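Let's take a friendly tour of a protein model, from its packed inside to its aromatic rings. Have a look at the sequence and the structure first.

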Amino acid sequence: MKEFILPFYIEIDSLYQSKKALLNEEQKAFFSSLRKDTCQPSNEYLTGYINSYPEDMKTCMNHLFDRDALMYTSSENAYLTAFTNFSDYCDQPYVFLGNQSQNLLVLIHELGHYTAFYHFTDATLPYDTCEVHSQGNEWLMLYYLDGKLDPQVYEMFLLWRLRSGLDTIILSTLVDEYEETVYTCETLTSPEQFLSIMEDVLESYDGYESWLSKEELYTYAQYVTIEAPVYYLSYATSELASMSLYSIAEQQGYETAQNLYIDLCLKTAINQ
């Protein structure tokens, strides 16, 4: 992590910041819209991406819209993030997008979960696999957009997502290091020491600037290690696997990468 991923993140972050400064105001506005407010079902990039798939995959993806299974909220008191779940009452999966999670890639992310639900239903799958359903869909969408956006905006969008993915991997391993240090520490005598351990771990990731403050990072670590132990590591491993779908599309063709993804979502035998 600290030998390869962290230096790469610092390099990509620097490139992202320098490229961002070169965008004109129109490009900045478009780039912002891609990240914030382009998740309507009629979005041309969304429909074009779905239509690039074979009929069976396209049908499963479109069930989200055809069956009114996509829910939005604008309430300030509602759940802020996004998730996919299964409704026993309606006997179908559904997607919820909180008011801070209504953008193109979040919808694509949840669409990946939703599509896989139609094959796996209530089967228990490893988190690593479940998150490739979602993150992999994002990376294939990014590949599909190449040549369809302003070249500079596309480069920014790609760098932004790569930077975000690397940040996820670093954050996950940082939390894991914090958790391991806590559990192996034999001299814990006060709650204040937990924050001190987080500070020491964070300091060891030289050059990493988290989008979370030190206090927020500490709170996040406390939450995920108790409420969802090890899940955050699955999010890191699935990110790496998902990035490989983009590489496969580049090196072996979009259709090859699509077929791998379709197999993962619709054809892989349960529990394998």
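This is a predicted model: local features need pLDDT of at least 70, side-chain atom pairs count only at pLDDT 80 or more; totals for chains, interfaces and linings use all residues.

A residue counts as buried under 20% relative accessible area, as exposed over 50%, and as partly exposed in between (1.4 Å probe, protein chains only). With that in hand: Y49 and Y53 are both buried.

Residues are numbered from 1 along each chain as its sequence is written, and side-chain values use heavy atoms, leaving out hydrogens and water.

**The big picture**

The protein chain has 11 helices and three strands; these are DSSP runs numbered from the N terminus, with helices (H or I) of at least four residues and strands (E) of at least two. From the N terminus on, the order is α-α-α-α-β-β-β-α-α-α-α-α-α-α. Of the 272 residues in the protein chain, 44% are buried.

**The core**

A nonpolar core is a set of buried Ala, Val, Leu, Ile, Met, Phe, Trp, Tyr and Cys residues joined through side-chain atoms within 4.5 Å. The largest one here has 74 residues, and Y49, Y53, L64 and M141 touch the most other members. Helix α7 (residues 151–184) gives the most to this core, with 14 residues.

What is Y53 in contact with, leaving aside its neighbours within four places in sequence? Its partners are K58, M61, N137, L140, Y254, Q258, Y261 and I262, where contact means heavy atoms within 4.5 Å.

**Rings in pairs**

Rings of Phe, Tyr and Trp (its six-membered ring) pair if their centres lie within 6.5 Å; planes under 30 degrees apart count as stacked, over 60 as edge-to-face and the rest as tilted. The structure holds 11 aromatic pairs, and here are two of them:

| Pair | Centre to centre | Angle between planes | Type |
|---|---|---|---|
| Y49 and Y53 | 5.2 Å | 90° | edge-to-face |
| Y79 and F83 | 5.7 Å | 80° | edge-to-face |

In the second pair, Y79 counts as exposed because its relative accessibility is 51%, whereas F83 is partly exposed at 27%. Ring pairs also link Y79, F83, Y94 and F96 into a cluster.

**Charges over rings**

A charge sits over a ring if NZ of Lys or CZ of Arg is within 6 Å of the ring centre and within 35 degrees of the ring normal. K2 lies over the face of Y205, 4.6 Å from the ring centre. K148 lies over the face of Y144, at 4.2 Å from the ring centre.
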